[in-house]
Amino acid sequence: MLNLILFGPPGSGKGTQAANLIEKYGLLHISTGDLFRSEIGKKTPLGIKAQEFMSRGELVPDEITIGMLQNKVNANPDVSGIIFDGFPRTISQARALDDFLSERGTAVTILVALDVPDDELVKRILLRGKTSGRNDDNDESIIRNRIKVYEEETAPIFDYYSEYGKSRKVGGVGSVDSIFENIASHIDALC
Ligand code: AMP
């Protein structure tokens with residue numbers, strides 16, 4: 001299986017690149033943000049709980065997030081690989097993912113991080129907010145909080161997977177196609 005963690009701060013282009021990667025590699029795309037938004041849309045207890053945290057630009061607690069992620073993976077047993085988009089976001093999520101994949105006889109293949117300066121992230125997210133309908137995309141202080149949470153809690157995951165030689169960095173500013181080529185070259189070098 002090809003298990004790719006598409007990594008980077010909010011607004012770095014993970015969703016855009018995931019769409020291209022699905023097509024080229026035939027992978028299942030799992031975005032925990034999308035899963036939460038779907039639960040919120042259905043007004044499930046999980047969605048109502050998650051919304052409390054998302055509306056402040058904070059992380060949803062690990063015990064909720066990890067269970068939801070595992071359910072989604074378990075519901076798709078026959079895929080040839082998975083793009084994890086927005087997961088893991090804490091070291092304990094990364095450890096849980098490693099344990100969970102190892103029980104299934106597989107592992108994270110590669111982590112590709114998209115590198116984009118903070119001011120560019122804020123600009124992109126505010127622009128996306130005009131059409132995304134996401135409250136957390138429309139308020140600059142919430143956006144800055146999401147970036148701060150990324151730097152404090154999520155960024156260390158890059159080093160965590162570096163220890164296993166699995167982390168790669170790609171410039172996330174430029175044309176969608178050239179960024180995609182860079183990501184694909186890292187994947188192709190391993191597979
Ligand atoms: P995203 O669509 O990836 O930008 O995620 C939107 C929001 O959903 C984040 O700001 C968090 O509040 C929440 N979220 C998404 N994925 C996770 C995760 N792996 N762990 C905790 N919270 C998450």
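**Exercise 1. Find the distance between the closest N and O atoms of arginine 134 and aspartate 137, and decide whether the two residues are buried or exposed.**

*Step 1.* Arginine 134 and aspartate 137 form a salt bridge, with their closest N and O atoms 3.6 Å apart. The term means a side-chain nitrogen of Lys or Arg within 4 Å of a carboxyl oxygen of Asp or Glu.

*Step 2.* Arginine 134 and aspartate 137 are both buried. (Buried means under 20% relative accessible area, exposed over 50%, partly exposed in between, with a 1.4 Å probe and protein chains only.)

*Step 3.* Now look at the partners: salt bridges that share partners join Arg128, Arg134, Asp136, Asp137 and Arg146 into one network. By this rule the count of salt bridges comes to 14.

A quick word on what you're looking at: this is a predicted model, where local features need pLDDT of at least 70 and side-chain atom pairs count only at pLDDT 80 or more, while totals for chains, interfaces and linings use all residues. Residues are numbered from 1 along each chain as its sequence is written, and side-chain values use heavy atoms, with hydrogens and water left out.

**Exercise 2. Work out which side chains arginine 144 meets in salt bridges.**

*Step 1.* Start with aspartate 119: its side chain meets that of arginine 144 in a salt bridge at 3.5 Å, N to O. This pair links distant parts of the chain, 25 residues apart, with arginine 144 in helix α7 (residues 140-154) and aspartate 119 in helix α6 (residues 118-132). (Helices are DSSP runs of H or I, at least four residues, numbered from the N terminus.)

*Step 2.* Next comes glutamate 140, whose salt bridge with arginine 144 spans 3.1 Å, N to O. Both residues sit in helix α7, four residues apart, or about one turn of the helix.

*Step 3.* Check the accessibility. Arginine 144 has a relative accessible area of 36%, so it's partly exposed. Glutamate 140, at 37%, is partly exposed, whereas aspartate 119 counts as exposed at 57%.

**Exercise 3. Describe how helix α2 meets helix α3.**

*Step 1.* The axes of α2 (residues 32-41) and α3 (residues 45-54) come within 7 Å and cross at roughly 120°. That makes α2 oblique to α3. (Under 35 degrees is roughly parallel, over 145 roughly antiparallel, 65 to 115 roughly perpendicular, and the rest oblique.)

*Step 2.* List the residues in contact, meaning heavy atoms within 4.5 Å. Gly33, Phe36, Arg37, Glu39 and Ile40 in α2 meet Leu46, Gly47, Ala50, Gln51 and Met54 in α3.

How values were computed. Axes fitted to C-alpha atoms, helices over the stretch in contact; angles between N-to-C directions. Helix = DSSP H or I, 4+ residues; strand = E, 2+ residues; numbered from the N terminus.
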